[in-house]
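Hi,

Here is the structure I promised to pass on.

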Amino acid sequence: MDPNKLLDAIGLLDDRHFEAAQKPHAAPGRRLWLAIAAAVLMLLLSACTAMALSPQFRGLVFSILHIKTHEQPPASNADPLPTAPSQGGLQEVDVVSIDGIVHAHYFTSGGFVRTCEGGFYTCSWGGAKAVPEDAVFWELRTEGLVEVETTRVDFPLEHGDRTFRIVFDHAILRGKLSIEVWPQDMDENPYGNGWHAEPLGDRTDVALLTVPVDIGLDYTHDFLLLDLKTLETTDLLEAIPHEDLVIDHCQFTEDLRYALLQSFDMEKGRAEYWLCDLEHGTILSLDALTNATVTWPYFLDDSTIVFQKSLEDGRFHVVRRHIPTGAQTVLVENTTLRSGNNPGYCGIQMQGGGGAHGLLFLADGGVALIDLRTGEALHMAQLNTGKLTTSESPDGESVLIAYEETNENGELGYGFSKLGILKPETGVLQLLTRELSGDPESFLGWLDNNTVTILAQDAAGGYYVYVYEFRQPA
Amino acid sequence: MEDSMIVELYWQRSEQAIYETQCKYDRYCFSIASSILPLREDAEESVNDTYMAAWNAIPPNRPGILSTFLGKLTRRISIDRWRRLHADKRGGSTVPLVLEELAACIPGGSDPAAEVEAKELAAAVGRFLDTLPCTERNVFLMRYFELARLQDIADRYNMRLSKLKSMLHRLRKKLRIALEKEGY
């Protein structure tokens with residue numbers, strides 16, 4: 001047999017081998033932290049080791065409140081939907097109450113829809129390079145959908161030896177800044193070597209701009225604070241000596257006192273992380289600071305980071321560190337090996353971008369939710385870990401629990417057969433069973449601590465937005 | 001950005017999908033491509049081709065694991081490019097070494113390659129991987145899927161080069177036996 005055949009066959013290996021084993025750039029070299037800016041990014045550690053909790057399990061009892069009536073989203077109904085508007089905007093199709101516990105709102109749109117924290121963003125779709133003029137943010141209030149004042153930023157930014165056209169829309173939704181960035185001119189910035197804008201914590205007056213800087217064949221990034229009124233920018237890392245680093249990503253505390261830089265070391269083939277004190281202009285390697293290999297650090301709050309620490313013997317810890325004092329607490333440590341973990345995950349899922357909870361997959365097959373602030377864990381033995389997907393509400397008060405179904409090819413995106421909101425404080429999960437229409441569903445989102453959204457799309461490209469408001473028992 | 005959100009952007013035909021993909025996976029794809037293609041510009045072209053291939057493939061595909069999906073695309077595109085360039089004898093790639101190593105896994109006797117679909121062979125290799133401990137499976141995939149350099153793998157798993165070579169030797173031997181048992 002020609003070894004080329006074997007080489008090609010290895011390229012056709014089933015995805016489960018990469019899921020069950022550590023992924024090619026798994027710890028200590030994974031670099032998923034690049035995209036941590038997304039509020040609900042799930043960091044999946046697929047290490048083949050079981051987890052042990054340092055703290056004791058909480059005495060609280062986990063209980064599931066099953067909602068008896070099954071939900072039928074309108075796309076699965078036989079009745080024809082109202083004609084969708086040709087331009088951007090949402091049209092409410094129906095509102096139903098499910099057992100008096102869940103109030104579901106169904107919307108459709110003929111235009112472009114994004115769900116975002118606190119609301120929606122709609123516009124007509126003018127093509128890949130066009131920036132439509134009818135973009136609008138929406139909030140869902142008791143009186144219905146309300147259009148929110150939407151501001152467009154559009155200005156040339158000269159940075160380094162390049163000029164970028166900065167174009168994005170922003171609005172204040174439920175007190176927080178939402179930003180929708182428009183695609184950049186890919187002819188000038190091939191394959192997205194461009195800028196990006198995102199909110200900085202809960203601040204509504206500024207945005208964080210990430211701008212690429214060419215350095216020969218590679219590029220690094222600068223991080224600018226953009227004043228949304230004056231459009232003036234400030235280099236946030238000006239006082240930090242970082243010229244030797246090729247920076248991929250940076251996180252900042254909301255008070256702009258600390259920053260976490262991520263650089264990529266080509267020789268080592270892995271990401272490295274650096275803690276910066278912006279007030280004093282200092283930068284320290286997290287590896288050196290902890291005498292271990294650190295991965296996936298993020299700010300739990302303005303003075304605390306959480307990260308995974310890989311030890312030389314192959315064990316790893318999830319650690320919380322108070323930055324000013326250097327005090328560290330081991331929240332989770334792995335102990336025994338676990339095998340046969342396909343298709344379920346094995347390890348811990350942590351919410352990026354400041355998430356307060358992590359999801360632990362235990363050696364006994366169970367799953368637990370750990371509060372990274374307190375170290376307390378809630379054992380949730382009844383959940384099906386094979387289908388489980390979670391997302392934390394922006395302020396960490398609630399956790400969305402969903403079962404994501406796969407299609408006949410084993411690909412995700414078929415839909416969410418169960419949807420619920422867990423209140424970690426009480427240990428109660430309200431769980432709704434859904435009858436799927438077969439339309440691809442994605443984009444689980446949050447409107448507030450009790451309201452979640454699903455974005456679906458039918459075969460014709462029409463969008464549906466489903467909103468579920470869970471009424472908490474008195 | 002969460003992978004499912006990136007995939008959704010592809011489905012929405014938003015070029016932002018390529019930007020988000022690049023932000024998250026550029027260096028991962030580049031590390032695979034550069035293991036196969038020693039010249040940086042060749043590797044960069046392969047990574048760029050990967051984004052275009054992903055753009056063309058999603059939709060209709062909706063990959064469950066985006067990293068693996070992109071890794072496979074990068075690998076396939078880079079190996080194809082290497083094969084095209086191979087006639088020019090541009091050296092320095094890991095591919096000839098890996099091919100030489102993999103040749104040792106192939107049982108002697110009749111050559112059933114013509115009758116065997118690549119997917120069936122992949123399934124057999126997959127069944128072999130199922131029998132391996134975690135570290136050995138990762139080392140195998142890093143060497144023969146990513147085509148990573150031996151030193152890089154040794155660094156990643158904090159083991160001496162001699163130990164790694166020994167492990168790979170045993171793995172190839174095991175794979176040969178496994179494939180023999182499956183009739184290859």
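Both faces of β6(A) are covered: on one side Phe112(A), Arg114(A) and Cys116(A) are buried, and on the other Val113(A) and Thr115(A) are too. Buried here means under 20% relative accessible area, with exposed over 50% and partly exposed in between (1.4 Å probe, protein chains only). That makes five of the five residues of the strand (112–116), so β6(A) is largely enclosed by the rest of the structure. Strands are DSSP runs of E, at least two residues, and helices runs of H or I, at least four, numbered from the N terminus.

Before going on: this is a predicted model, where local features need pLDDT of at least 70 and side-chain atom pairs count only at pLDDT 80 or more, while totals for chains, interfaces and linings use all residues. Residues are numbered from 1 along each chain as its sequence is written, chains are lettered from A and ligands numbered from 1 in the order in which they are written, and side-chain values use heavy atoms, leaving out hydrogens and water.

Back to β6(A): five bridges join it to β7(A), and the two run antiparallel. Strands count as paired if DSSP finds at least two bridges between them. The two form a hairpin with two residues between them, and Gly118(A) in the turn has a positive phi of about 95°. Arg114(A) has Tyr121(A) in β7(A) as its bridge partner.

Tyr121(A) is also buried, at 1% relative accessible area, and Phe137(A) is buried at 0%. There are 10 aromatic pairs over all chains (Phe, Tyr and Trp rings, the six-membered one for Trp, with centres within 6.5 Å; planes under 30 degrees apart are stacked, over 60 edge-to-face, the rest tilted). Tyr121(A) and Phe137(A) make a tilted one, 4.8 Å centre to centre with 55° between the planes. Tyr121(A) sits in β7 (119–123) and Phe137(A) in β8 (136–141) of chain A, so the pair ties together parts 16 residues apart in sequence.

Elsewhere in chain A, five strands form an open antiparallel sheet in the order β4-β5-β35-β34-β33. Its edge strands, β4 (91–98) and β33 (441–448), each pair on one side only. Eight bridges join β5 (102–109) to β35 (463–470), running antiparallel; Tyr106(A) has Tyr466(A) in β35(A) as its bridge partner. Tyr106(A), Tyr464(A) and Tyr466(A) also form one aromatic cluster.

Best wishes
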